[in-house]
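Work through the exercises below with the sequence and the model side by side. Try each task before reading its solution.

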Amino acid sequence: MEDEGASRDHVGSLERGLAVMEILARHPAGMTLTEMAEEAGLTRAGARRFLLTLTATGYATQSGRLFSLSPRLLTVARTWLGGASLWTFAAPIMREVAGQFDEACNAAVLSGEDVVYVARIPGRRILSVALDVGTRLPAYCTSMGRVLLSGLDAIELKAFLAAAKIERRTPKTIISRAALGKAIDVARAAGFAIVDEELELGLRSIAVPISDRTGHIVAAINVSTQSARFSVDAMEREIVPSLRKAKLRIEEFFFV
């Protein structure tokens with residue numbers, strides 16, 4: 001019965017019309033009526049009705065015998081993208097990473113001396129650090145912070161290191177400004193950062209940058225875990241490749 005109901009609610013003509021739009025998108029130089037009928041598996045009369053409907057509603061244009069998509073479809077796409085957060089779309093990608101390792105996957109941006117969480121997929125294991133969207137943590141002792149700081153130019157980084165409030169949060173926290181600068185340089189060269197129990201004992205995290213189309217680092221994503229779960233070597237060997245794949249997918253979808 002459920003399948004029958006779904007079938008009754010299915011609008012076949014809309015499905016075929018959307019297919020025609022997708023075919024036009026693959027042929028930016030335009031298509032003739034005959035070409036569309038053949039590729040869409042429609043009669044010439046059916047293809048003509050769909051193409052003329054798209055033209056009449058402004059989603060396609062006709063020049064002689066050729067039909068092409070119009071810029072109106074781009075306007076719809078921009079409206080859709082503008083009405084939702086980038087991280088809403090990135091969440092499924094981050095959820096795959098979190099599920100792969102059964103650990104939390106987070107995203108953050110740099111705000112002054114802090115990182116601010118803009119997306120979070122929780123892991124199943126409880127950490128004593130309470131994290132949520134909007135949480136602020138010091139950039140100097142977090143993996144996402146190190147990655148984000150690696151995107152600063154030399155003058156900006158020098159100013160950060162001179163002015164940042166740096167305090168020892170655990171026995172492992174790097175508090176030397178010179179050593180911190182070297183750690184940020186290492187993150188820049190490697191393309192990722194691992195922070196080992198510097199924010200909290202028992203907590204390790206690893207992050208990669210998210211860059212815009214100019215190569216400028218605009219955000220970071222990480223996986224955070226208990227130190228008993230993953231060694232530093234295991235994080236680099238197992239988690240970095242997955243984070244890099246996620247990074248590329250996010251960048252390709254939103255910035256390319």
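This is a predicted model: local features need pLDDT of at least 70, side-chain atom pairs count only at pLDDT 80 or more; totals for chains, interfaces and linings use all residues.

Residues are numbered from 1 along each chain as its sequence is written, and side-chain values use heavy atoms, with hydrogens and water left out.

**Exercise 1. Find the buried residues of helix 3 and state what they pack against.**

Step 1. Helices (H or I, at least four residues) and strands (E, at least two) are DSSP runs, numbered from the N terminus. Helix 3 spans residues 33-40.

Step 2. Buried means under 20% relative accessible area, exposed over 50%, partly exposed in between (1.4 Å probe, protein chains only). In helix 3, Leu 33, Met 36 and Ala 37 are the buried residues. They lie on the same side of helix 3, because their arc around the axis is only 100°. The arc is taken from the directions from the helix axis to the C-beta atoms.

Step 3. An α-helix has 3.6 residues a turn, so residues three or four places apart point the same way.

Step 4. The buried residues of helix 3 pack against helix 2 (12-25) and helix 4 (44-56).

Step 5. Just after helix 3, Gly 41 has a positive phi of about 70°.

**Exercise 2. Identify the bridge partners of Asn 106 and Leu 110.**

Step 1. Two strands pair if DSSP finds at least two bridges between them.

Step 2. Strand 3 (residues 104-111) runs antiparallel to strand 8 (residues 217-226), with 5 bridges. Asn 106 is bridged to Asn 222 in strand 8.

Step 3. Strand 3 also runs antiparallel to strand 4 (residues 114-121), joined by 7 bridges. Here Leu 110 has Val 115 as its bridge partner.

Step 4. The hairpin of strand 3 and strand 4 has 2 residues between the strands. Gly 112 takes a positive phi near 65° in this hairpin.

**Exercise 3. Decide whether Ser 242 is buried or exposed, and list what it touches.**

Step 1. Locate Ser 242 in helix 10 (residues 232-254).

Step 2. Ser 242 counts as buried because its relative accessibility is 11%.

Step 3. Leaving out residues up to four places away in sequence, Ser 242 touches Val 97, Gln 100 and Phe 101. Contact means heavy atoms within 4.5 Å.

**Exercise 4. Classify the lining of the largest pocket.**

Step 1. The lining includes Leu 14, Met 21, Arg 49 and Phe 50. Helix 2 and helix 4 each supply at least two lining residues.

Step 2. A pocket is an open set of points on a 1 Å grid over the protein atoms alone, where a 1.4 Å probe fits, with protein on both sides within 12 Å along at least five of seven lines; lining residues have an atom within 4 Å of a point.

Step 3. Ala, Val, Leu, Ile, Met, Phe, Trp, Tyr, Cys and Pro count as nonpolar, Asp, Glu, Lys and Arg as charged, and the others, Gly among them, as polar. The lining divides into 5 nonpolar, 3 polar and 1 charged.
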